[in-house]
Each structure stands twice: as structure tokens, then as C-alpha cells.
Amino acid sequence: MSPTPRTGSVGDARAFVEEYVAAATAADLALFDDNAVVRDEGRTHRGRTEVRRWRDRVPPVEYDVREVTGTAAACRAVAEVSGAFPGSPVTLHFAFERDARGRITRLEITPTPA
């Protein structure tokens, strides 16, 4: 099934973020565009091959989504992420941009400032 962009309400953005969390938990990259750019932990990953390598290095984690703002086409989320990694749990900010087909073209993940 091809994702379709949802525009408008924050509820739609929350539905997209929940869809992303489910896909991320399953290491499914179907939501990403072939030319997606992901910025995480100070590194930039460009294109599906690099994004796949990045996802493969992420340990299994659980997400507790706390806040979602914006639209499904361009939204931000705050989530507590926990798992088998140093400093767990951490609160992270996710900034998503999606294209007209609903695929993620840009994702930036940053920690909460101390």
C-alpha cells in the first residue's frame, strides 16, 4: 500500500507519526522516498541505501509519542524513546517532511536540549 499525504489537522499528523513509529519498529522503509535525507546523531544519511544502513544500526526501541504538531505533510513530534542503548530513555524531537505521494523526503531527529 502506498502512503498518501494527509493534510490539515494535527490528528492527521498524529496518525502519520503513529504510522512512522510502527514502520520504524518493524525496520520498514516503505514510508521513505528513494532520495530521502535523514539527519540523526550529527550524521546525514542520503538515499534509501544509506537510510537502510542507518536503520539497521538502530537497536530495537520503543516509542512513547508525547506531542505532535503541524500537518502530516510537515510535522514535528516529541517522543520518549527507550531501549538497550546508553542513556535510555531519551526524549527526542522528530521533524518530518513528506512529498505529494506521502513519502518521507526529510527526517531530522534531535535530542531535547538539556
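Which strands does helix H2 (residues 47-57) lie across, and at about what angle does it run to E1? It lies across E1, E2, E3 and E6, running at about 50° to E1. Here, helices (H or I, at least four residues) and strands (E, at least two) are DSSP runs, numbered from the N terminus. The angle is taken between N-to-C directions, from 0 to 180 degrees, using lines fitted to C-alpha atoms, for helices over the stretch in contact. Contact means heavy atoms within 4.5 Å.

A quick word on the ground rules. You're looking at a predicted model, where local features need pLDDT of at least 70, side-chain atom pairs count only at pLDDT 80 or more, and totals for chains, interfaces and linings use all residues. Residues are numbered from 1 along each chain as its sequence is written, and side-chain values use heavy atoms, with hydrogens and water left out.

**The sheet**

Now find the open sheet of 6 strands: its order is E2-E1-E6-E5-E4-E3, and the pairing is mixed. Two strands pair if DSSP finds at least two bridges between them. Strands E2 (43-46) and E3 (61-71) each have a single partner strand, so one side of each has no neighbour in the sheet. On average, neighbouring strands are turned by 15° against each other, direction ignored. Take E1 (residues 32-40) and E6 (residues 104-111): they pair in the parallel sense over 5 bridges. Follow Val37 across and you'll land on its bridge partner in E6, Arg106.

**The core**

A nonpolar core is a set of buried Ala, Val, Leu, Ile, Met, Phe, Trp, Tyr and Cys residues joined through side-chain atoms within 4.5 Å. Buried means under 20% relative accessible area, exposed is over 50%, and partly exposed is in between (1.4 Å probe, protein chains only). The largest core here has 28 residues, and Phe16, Tyr20, Phe32, Phe94, Phe96 and Leu107 touch the most other members. Helix H1 (10-25) is among the elements that supply at least two residues each, and H1 gives the most, with 7 residues. Leaving out residues up to four places away in sequence, Leu107 touches several residues, including Trp54, Val37 and Arg39.

Most residues other than glycine have a negative phi, and most peptide bonds are trans.

Look for Pro89 in the loop between E4 and E5.
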